[in-house]
Amino acid sequence: MVHRRYKEKGIETVFFVTAAITVLALLFICLFLFRDGYLLFETSSFIDFITGDAWYPTSTPARFGLLPLLFGSLLVTAGAIFISVPLGVAAAIYISELSSPRVSDFLKPFIEILAGIPSVVYGFFGLVVLVPLIKELLGLPTGQTALAGSIMLSMMALPTIISISEDAISAVPLSLKEGSLALGGTQWQTIYKVVLPAALSGISAAVILGIGRAIGETMTVLMVTGNTAVIPGFPEGILDPVRTMTATIALEMGEVPQGSEHYHALFAVGSVLFITTFIINLIADKIKKKYKLKEGL
Amino acid sequence: MDAKTTEKFAFLTLKASILLVVSFVAILLAYIIIQGYEVLSIDFLTSMPKNRMTEGGIYPALMGTAYLVGLSIAIAVPLGVFSAIYLNEYATPTKSTWVIEMAINNLAGTPSVVFGLFGLALFVKFFDFGPSLLAASLTLALLILPVVIRASKEALITVPLEYREASLALGVTKWKTTRHIVLPAAVPGIVTGIILSIGRVAGETAPILFTGAAYFLPRLPDSVFSQFMALPYHLFVMATSGTNIAQTRPIQYGTALVLLMLVLAVNCLAIVIRKHYRNKLKR
């Protein structure tokens, strides 16, 4: 009996230790990212990094200003959200309130497939189809613009936005809807004035997670946004090439000598990115917990 | 406008939105399938790149992706399933499980390029594996860990409580109940999660950029410490760098098609398994 109890305890400990690895991984990511990022501030000042308006990693002296990259990321993300939120919420309303079960049985896997397409394929499609199209239609010197990135990212953020919004809309109690319909409201009035307001918190979690998806996406923006590190105008900069934080890391890390100032600067950018998405996830998590929503795609 | 006309107009807008989404995906798929189809052949899949990658096939990239998938799945699945068992079968909801769940959610939301940086700092440099299959697989294993844990947890939750109670009431230990009663019932759901993460590993580029992917290798990796070629990275470098981007377009379309088909097949398989399993549960 005693032997058996020890065995059981031992097995539980093994499971606990594996589960703890996830926490350990997160801690290690913080540790290694922040440590290598922090080393930048031994040679250049933190204020120069955070408020610097120039990213010239190869000039002498090199300048590592975060702002062009940060604003690049924000502009592309804002554009993506501007497109994908109306589209995604409309699609979610359609799927949960209007479509027949047969149609939604087709649409749901379709959206999952949308989520499964690799980002490099999106980037490739954007590069060979969307970029020339934007150049032609808008008469720009180059089609590799923030707009191209925003459009591609909006498609990539859609599955997240649609699946969580749909969950939030389906969670609205039937009695609320019936009340509105019984008072003579049309179906649309019910959706617009009763269902949507009731689902708003859940939808906000969807939007926040969509922002997280868009800001962290790498390959697609790297391939379609032109990668010019200047502070973009807002909103007219949407038609200019921009450089995001993610693209900068992907583009430059392969070429820098390990341990150099530039190397640490890229880790510092990575740390900013990590902290940003960490906060975004924490907020979305709080909202999802509160309204008992699923994880989403 | 009266209420009925407004409603008509609103519903039309909703339909137009969903149509826009569907047609975008349809155009993307159709375009890559049509352009890539002409290039696709057995020879394309089984021959080495030739002539400085301007001709020939994608064999090493295809095999590299296969190795990568195999190794990262082998690392992530035991870790993920064990974690899910702990969270669902053993742990009581306390501060510590809250910390673990929070870590899972944040790991799931961490950008893939950050995983790449982490893999570079920890596996390539600190553990001194160098840019290698092992470093890249470990990085990708961490990336898919949340996917595996969530899917396994979801599968374990759906196993009815009565199963456990019946077994425990017969005097069977907790571990044996989990091992022989709960796990077998959860297998389809766990498998679905694993299949989905295969698609994820096959498609990711950013995490392998600095942890081991090579521009060109004339042979397959011979150990876990060698560098490797991979489909998504191959597509990326062919489409963005090099001097013959226009000339090698057909190879790019072919690579994109193979990658897309691979990932879509895996996703469809997961959807089918889940659907089959759900229908079975309903009966």
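## Chain B overall

Of the 283 residues in chain B of this predicted model, 47% are buried. The secondary structure of chain B consists of 10 helices and 2 strands. Along the sequence these elements follow the order α-α-β-β-α-α-α-α-α-α-α-α.

The C-alpha trace of chain B spans about 70 × 70 × 35 Å along its principal axes. Among the contacts in chain B with a separation of 6 or more, 76% are between residues 24 or more positions apart.

Helix H4 of chain B covers residues 95–109. The buried residues of H4(B) are B:Ile100, B:Glu101, B:Ala103, B:Ile104, B:Asn105, B:Asn106 and B:Leu107. In an α-helix there are 3.6 residues a turn, so residues three or four places apart point the same way.

Helix H6 of chain B has 25 residues, 133–157. At 1.5 Å a residue H6(B) should span 36 Å, and its end C-alpha atoms are 35 Å apart, which agrees.

B:Asp128 sits in the loop between helix H5 (112–126) and H6 of chain B. Its phi is near 65°, a positive value in a residue other than glycine. B:Asp128 counts as exposed because it has 8 C-beta neighbours inside 10 Å, and the cut-off for an exposed residue is 12 or fewer.

## Chain A overall

Chain A has 297 residues, of which 49% count as buried. Its secondary structure comes to 11 helices and 2 strands, and from the N terminus the elements run α-α-β-β-α-α-α-α-α-α-α-α-α. The C-alpha trace of chain A spans about 80 × 75 × 35 Å along its principal axes. Of the contacts in chain A between residues at least 6 apart in sequence, 77% join residues at least 24 apart.

Chain A is divided into domain 1 (2–42) and domain 2 (46–290). The C-alpha centres of domain 1 of chain A and domain 2 of chain A are 31 Å apart. Their contact involves 8 residues from domain 1 of chain A and 11 residues from domain 2 of chain A. On the side of domain 1 of chain A that touches domain 2 of chain A, 6 residues are nonpolar, 1 is polar and 1 is charged.

## Local features of chain A

The peptide bond from A:Thr60 to A:Pro61 is cis, with omega near -5°. A:Pro61 lies in the loop between strand E1 (55–56) and strand E2 (63–64) of chain A.

A:Leu67 belongs to helix H3 (residues 67–98) of chain A. A:Leu67 has 17 other C-beta atoms within 10 Å and is therefore partly exposed, since a buried residue needs 20 or more. Leaving aside neighbours within four places in sequence, A:Leu67 is in contact with A:Thr51, A:Gly52, A:Asp53 and A:Ile231. A:Glu136 is 69 residues from A:Leu67 along the chain, and the C-alpha atoms of the two are separated by 30 Å.

A:Asn227 is in the loop between helix H9 (219–224) and helix H10 (245–252) of chain A. The phi of A:Asn227 is near 60°, a positive value in a residue other than glycine. With 19 C-beta neighbours inside 10 Å, A:Asn227 counts as partly exposed.

## Contact between the chains

In the contact between the two chains, 66 residues of chain A meet 70 residues of chain B. Helix H1 (residues 2–38) of chain A supplies 18 residues, the largest share of the side of chain A that touches chain B. By class, that side of chain A has 43 nonpolar, 16 polar and 7 charged residues.

How values were computed
Residues numbered from 1 in each chain as written. Chains lettered and ligands numbered in written order. Predicted model: local features only at pLDDT ≥ 70, side-chain atom pairs only at ≥ 80, totals over all residues. Contact = placed C-beta atoms within 7 Å. Helix = DSSP H or I, 4+ residues; strand = E, 2+ residues; numbered from the N terminus. Nonpolar A, V, L, I, M, F, W, Y, C, P; charged D, E, K, R; others polar. Domains from an automatic or database assignment. Expected span 1.5 Å × (residues − 1).
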